[in-house]
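Reader: I have a new structure open and would like to go through it piece by piece. Can you take my questions as they come?
Author: Go ahead.

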Amino acid sequence: MFWYFVAQSTGILLYYSSDMDYTIDDVIKAREALLSEKSSKEVKELLRSPQFGALFALLKTAPAEQKSQLGKEVNALRAEVESWAEAEAEEAVEPIDVTAPWAPNTPTEKRPRLLDSSLGSQHVLTRELEKISEIFQRMGFAIEESRQIDDDYHMFESLNFPEGHPARDDWDTFMTDDGLIAPAHTSTMQNRMLKKYRANLETNEPIAVVVPGRTFRNEDLDARHEHTFHQVEGVYVGEHIEVGHLVGTMKTFLGDYFGKEVDVKITPFYFPFTEPSFEFSLTCPFCEPEQSDCAVCSGEHWIELMGMGMIHPNVLREGGINPEIHTGFAWGFGVERLVMMKNNIEDIRHFNSGKLEFLRQFGGTR
Ligand code: PHE
């Protein structure tokens, strides 16, 4: 009697003679038929098919003296087909470089499909930071980026907050186990800027640099406080520099940014790294003094914007500058506060929310 079956999924003809004339050749033929099959998926299906199962059923009915040899052949065939299917499946999975969208030489048609960049837009903070930097550049300032992790020396020590100084508590932020700090203000860059640009002073050029950066604080979050926000630090050092230069610089910047002349007011304050220190307020660019229902300033007409002051002699000295010859000023303002005012944004938490209805209001620039 001659047994045969056709694997449904592949159309491969497997055949066996199960009578006394059974020959090993039959198994070899079945094997060849299987191995000529190109798709591992189909072979896998074949392995699971009732027809393949029938091969094993044959073992039961085969004559006793042929059983062991037939069993060996059928099992060997199954092992071979299985390993062939596995090897093929492994080949089908290309290794992925998880650090790159694709290897540099990947042909175009094999590259993953990316979202069209026209679907996205620049974040409002990035856009405004670019505008702010541009204004300061026009005013003659260099732009340097701040850093997102720093050490005790730059965050405190070099800024005249020695170890144990009580004012350290006002800049409560995050620290790693090995003492690195997520900076609570961009003033963490002051010492570096003084050192980097102090050669300017030798050629009678001022140090004039603006440092935008991301800052971090341990805050209770509400509509006006975020744990992660941005500041823009300014550092200016030269000969005969006084508070009037500081006020004039900020007034010029704000007038340009809001497109409208603003009045400013400074009130005494305390920072360890400036002396004297001030808090700086400007008149609300969005209302007239008599208007009591203004959403931006709640009718107060003055808005506190930043800390500033004349750079403390100890800070200048630590930066390698002689305070007897050179003086300077520094400021640090919160970018979100400024952008919120300009765009009438009521809650600082919108910036990091990723909410599309918020982001789309500022989209379309790029
Ligand atoms: N770093 C201060 C703050 O975060 C602001 C400041 C900068 C004050 C520079 C004086 C000089 O509050």
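Predicted model: local features only at pLDDT ≥ 70, side-chain atom pairs only at ≥ 80, totals over all residues.

Reader: Which span should H9 have, and how far apart are its end C-alpha atoms?
Author: H9 covers residues 243-258, which is 16 residues. At 1.5 Å a residue the helix should span 22 Å, and its end C-alpha atoms are 23 Å apart, so the two values agree.

Reader: Which residues of H9 are buried?
Author: Leu246, Met250, Phe253 and Leu254. They sit on the same side of H9, because they cover an arc of only 95 degrees around the axis.

Reader: And which exposed residues are on the face turned away from that side?
Author: Gly244 and Gly248 are the exposed residues carried there.

Reader: What covers the buried residues of H9?
Author: The cover includes helix H5 (124-138) and the strands S8 (264-271), S9 (274-283), S10 and S11.

Reader: Several strands there. What order do the strands of the sheet take?
Author: Seven strands form an open sheet in the order S3-S6-S7-S11-S10-S9-S8, with mixed pairing. S3 (142-143) and S8 are the edge strands, each pairing on one side only.

Reader: Walk me in from S8. How many bridges does S8 have with S9, and in which sense do they pair?
Author: Seven bridges, in the antiparallel sense.

Reader: Then how many join S10 to S11?
Author: Five bridges, with the two strands again antiparallel. Met306 stands opposite Phe333 in S11.

Reader: Is S10 mostly covered or mostly open?
Author: Mostly covered: seven of its ten residues are buried.

Reader: Changing topic. Which residues are around the ligand?
Author: They are His185, Ser187, Phe271, Thr274, Gly307, Met308, Gly309, Ala330, Trp331 and Gly332. The elements giving two or more residues to this shell are S10 (302-311) and S11 (327-334).

Reader: How do the residues of that shell divide into nonpolar, polar and charged?
Author: Four are nonpolar, six are polar and none is charged.

Reader: Now the backbone. Which peptide bond is cis?
Author: The bond from Glu275 to Pro276 is cis, with omega near -5 degrees. Pro276 is found in strand S9. As background, most peptide bonds are trans, and most residues other than glycine have a negative phi.

Reader: Is Asn160 buried or exposed?
Author: Asn160 is buried, because 20 other C-beta atoms lie within 10 Å, and 20 or more is the cut-off for a buried residue.

Reader: What about the phi of His301?
Author: His301 also is not a glycine and has a positive phi of about 70 degrees. His301 is in the loop between S9 and S10. With 20 other C-beta atoms within 10 Å, His301 is buried.

Reader: Back to helices. Which residues of H7 are buried?
Author: H7 takes in residues 190-197, and its buried residues are Gln190, Asn191, Met193, Leu194 and Tyr197. Seen down the axis of H7, they fall within an arc of 165 degrees, so they line one face of the helix.

Reader: What covers the buried residues of H7?
Author: Among the helices the cover includes H6, H8 (199-202) and H10 (313-318). Among the strands it includes S6 (207-216), S7 (228-238) and S11.

Reader: Last, the whole protein. How many helices and strands are there?
Author: Twelve helices and eleven strands.

Reader: And what share of the residues counts as buried?
Author: Of the 366 residues, 28% count as buried. As for contacts between residues at least 6 apart in sequence, 64% join residues at least 24 apart.

Methods
Residues numbered from 1 in each chain as written. Near = placed C-beta within 6 Å. Helix = DSSP H or I, 4+ residues; strand = E, 2+ residues; numbered from the N terminus. Nonpolar A, V, L, I, M, F, W, Y, C, P; charged D, E, K, R; others polar. Expected span 1.5 Å × (residues − 1). Buried ≥ 20, exposed ≤ 12 C-beta atoms within 10 Å, placed from the backbone. Arc of directions from axis to C-beta. Contact = placed C-beta atoms within 7 Å. Pairing = 2+ DSSP bridges.
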